[in-house]
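Trainee: Could you go through this one with me? I would like to talk about the backbone and then the ligand.
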Amino acid sequence: MCGIIGYVGREPAAPILLDGLERMEYRGYDSAGIAVRSETRGLQVKKAKGRLKALYDLTHGGADMEGTLGIGHTRWATHGEPNDINAHPHISENGQIALVHNGIIENYLELKEHLLRQGVTFTSDTDSEVVAQLLEFHYNECHNMLEAVGRCLRRIEGSYAFGIICADYPNALIAARKDAPLLLGYGDGENYIASDVTAILKHTRKVSYMDDGEIAVVTNDSIDVFDSELEPVEKTICQVDWDVASAEKGGYPHFMLKEIMEQPEAIRKTVSPRIRDGRIVLDELHLTREDVAAFARIFIIACGSSYHVGMVSKYNWERLLRRPVEVMLASEFRYCDPLVDERTLVIVISQSGETLDTMAAMREAKRRGGRTLAIVNVVGSSIAREADDVLYTWAGPEIAVATTKAYSTQLVLMDLVGLYFAEELGTVDEETYAAVLAEIQLLPEKMQVFLEHTEDVQYLASRYFNHDSIFFIGRNLDYAMGMEGSLKLKEISYIHSEAYASGELKHGTISLIEQGTLVVALGTYAPLFDKAMSNVVEVKARGAEVLALTTEDLAEKVSKTADATIAVPVTHPILQPSLGVVPLQLFAYYVALQRGCDIDKPRNLAKSVTVE
Ligand code: M6R
């Protein structure tokens with residue numbers, strides 16, 4: 001949430017900042033701002049409510065702002081409504097310090113009281129402005145920016161990534177981080193800070209990731225990093241292998257559609273390097289066969305769509321491993337006094353690797369002695385760095401707020417790991433192992449075939465986009481998949497929707513079914529197909545309009561009952577959600593398109609949720 005960028009070099013800073021903010025706009029988009037410093041004009045600040053376009057127009061693409069040092073911010077509001085004043089950068093009272101912030105300062109009220117008593121005047125309602133003012137206060141005490149930042153950080157509680165510039169420092173950006181992502185970008189005669197590597201990919205692929213408590217002083221020809229005691233820290237510079245094109249729309253009208261279409265290739269990249277001679281090889285994993293055998297309990301912890309991957313995996317892993325697998329929302333896990341000890345494996349799943357709830361849950365699990373394994377997309381992200389083991393999904397940058405290819409790659413990777421553990425434990429027979437593995441390798445091809453003909457889904461979206469409440473029902477894996485289909489739809493089309501286990505409907509929710517209610521009936525899981533169909537008949541009998549999703553071999557049977565049917569290719573039953581989810585993503589996409597929604601940047605949301 002909230003995107004931060006900073007630049008120091010020889011080029012005009014404002015256009016570089018605006019370009020970086022555009023690439024990070026999915027992190028928050030209710031307002032944006034930049035601050036640039038020049039010899040002649042000092043600190044100049046421009047902010048605008050709304051999308052980045054407003055700031056772009058206000059500054060004429062940055063041409064109005066002079067200077068080669070600056071910071072920028074795109075906001076997802078926490079404290080204070082989205083308006084020009086609450087937008088970042090925030091300026092200290094004397095106009096000499098500008099600051100951008102991502103995170104939440106928990107003790108801001110107490111600090112604000114203190115500063116008010118010193119006679120400081122505030123202009124915004126934000127917690128972030130308090131830090132800008134506190135910084136001026138300490139700078140006035142010590143006249144050294146690094147020292148002032150250190151003093152400030154010792155007083156604040158909460159999470160933060162800061163970008164700071166000061167009129168007295170014509171060639172330096174200061175950055176600091178705790179529990180919010182921030183990286184340093186190394187250029188040639190110019191350097192960067194950013195919350196997200198996509199913001200600076202165009203300029204450099206050499207980055208280092210800031211750790212909690214660190215402060216960086218960034219000039220055009222040096223980056224010096226210090227710990228919280230202001231002792232120098234050596235950073236490892238990494239080479240990022242994502243290319244710029246993968247973070248651009250490439251001719252598609254929306255990132256979401258592009259990312260849906262990229263799924264076959266993304267799955268290929270996740271799977272292929274991990275299969276050799278018909279066996280799964282997880283070189284990155286440090287867990288031995290004995291470690292795996294010693295786990296008495298497995299938790300899967302995540303949020304949103306990543307949690308839905310966990311739901312599917314719980315069914316599959318329990319089936320394969322014959323071990324209890326508990327899937328929990330990260331925000332709940334953290335505060336439920338979880339039963340984690342040295343014999344517990346805790347798997348955390350996160351696309352961004354920065355979701356605060358997931359990160360905090362992982363830390364809690366570690367604190368209790370659990371062994372952590374992270375399934376993450378963003379290389380070098382906080383969760384990836386802190387987990388005991390990490391397996392990357394290698395889906396490439398995902399820009400649309402609604403996740404698609406990250407979900408699919410997480411799912412297939414979890415299937416792969418589940419199968420691998422099952423083999424280690426001896427709980428899967430050779431025939432099943434070979435059959436599932438062969439089908440995993442065929443998934444990209446089968447998905448591609450489906451994606452080549454999306455007309456039926458488009459047509460059905462145009463038929464149903466006017467419904468104001470939609471139910472997704474299914475059993476077992478179909479239920480888990482329905483949760484994702486329902487989230488996708490509500491997230492981008494704003495249609496109320498619920499996912500229900502079909503068998504549970506008649507225990508209450510069926511009272512909501514009336515003449516014409518749209519029910520998306522999921523019948524792709526062959527072992528429970530007949531049971532699922534009985535529930536379809538029940539909702540039909542109460543007037544529901546039924547859109548069924550099934551597999552090609554069952555389509556004829558389904559179409560006798562359903563009003564409309566979508567069929568996906570057949571695969572091994574435990575892998576069926578990997579194919580079934582694709583029409584659900586497309587349905588959500590085309591419904592949202594019909595309704596004129598802002599698909600890549602749905603209201604109230606942000607891509608990476610770094611607040612609790
Ligand atoms: O980056 P993460 O996977 O940790 O994100 C978790 C959720 O915030 C995320 O999946 C969210 O639900 C998506 N916007 C759903 O499309």
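Trainee: Where is Leu-230 found?
Mentor: Bearing in mind that this is a predicted model, Leu-230 sits in the loop that runs between strand 13 (222–226) and strand 14 (232–233).

Trainee: And what is phi of Leu-230 near?
Mentor: Phi of Leu-230 is near 65 degrees, which is a positive value in a residue other than glycine. Most residues other than glycine have a negative phi.

Trainee: Which peptide bond is cis?
Mentor: The bond from His-88 to Pro-89 is cis, and its omega is near 0 degrees. Pro-89 itself is placed in the loop between strand 4 (69–75) and strand 5 (90–91). As background, most peptide bonds are trans.

Trainee: Switching to the ligand, how many residues surround it, and which are the closest?
Mentor: The ligand is surrounded by 14 residues, and the closest are Ser-306, Ser-350, Gln-351, Thr-355 and Glu-491. Sorted by class, that shell has four nonpolar, eight polar and two charged residues.

Trainee: What lies 2.5 Å from a nitrogen atom of the ligand?
Mentor: That is a polar side-chain atom of Glu-491. On the oxygen side, a polar side-chain atom of Ser-350 lies 2.6 Å from an oxygen atom of the ligand, while Ser-305 places a backbone N or O atom 3.1 Å from a ligand oxygen.

Trainee: How much of the ligand's accessible area does the protein cover?
Mentor: The protein covers 90% of the 420 Å² of accessible area that the ligand has on its own, and the space taken by the ligand is the second largest pocket.

Trainee: Which elements give two or more residues to the shell?
Mentor: Those are helix 9 (304–321) and helix 16 (477–493).

Trainee: Then why does the ligand lie between domain 2 and domain 3?
Mentor: The reason is that domain 2 (247–451) and domain 3 (455–594) both contribute residues to the shell around the ligand, and therefore it lies between them.

Terms used. Residues numbered from 1 in each chain as written. Predicted model: local features only at pLDDT ≥ 70, side-chain atom pairs only at ≥ 80, totals over all residues. Heavy atoms only, no water. Near = heavy atom within 4 Å. Polar contact = N/O pair within 3.5 Å; in protein donor to acceptor, adjacent residues only side chain to side chain. Areas by Shrake-Rupley, 256 points an atom, 1.4 Å probe, with all protein chains shown as cover. 1 Å grid on protein atoms, 1.4 Å probe; cavity = no way out; pocket = protein on both sides within 12 Å on 5 of 7 lines; lining within 4 Å. Sits in = over half its atoms within 2 Å of the grid points. Helix = DSSP H or I, 4+ residues; strand = E, 2+ residues; numbered from the N terminus. Nonpolar A, V, L, I, M, F, W, Y, C, P; charged D, E, K, R; others polar. Domains from an automatic or database assignment.
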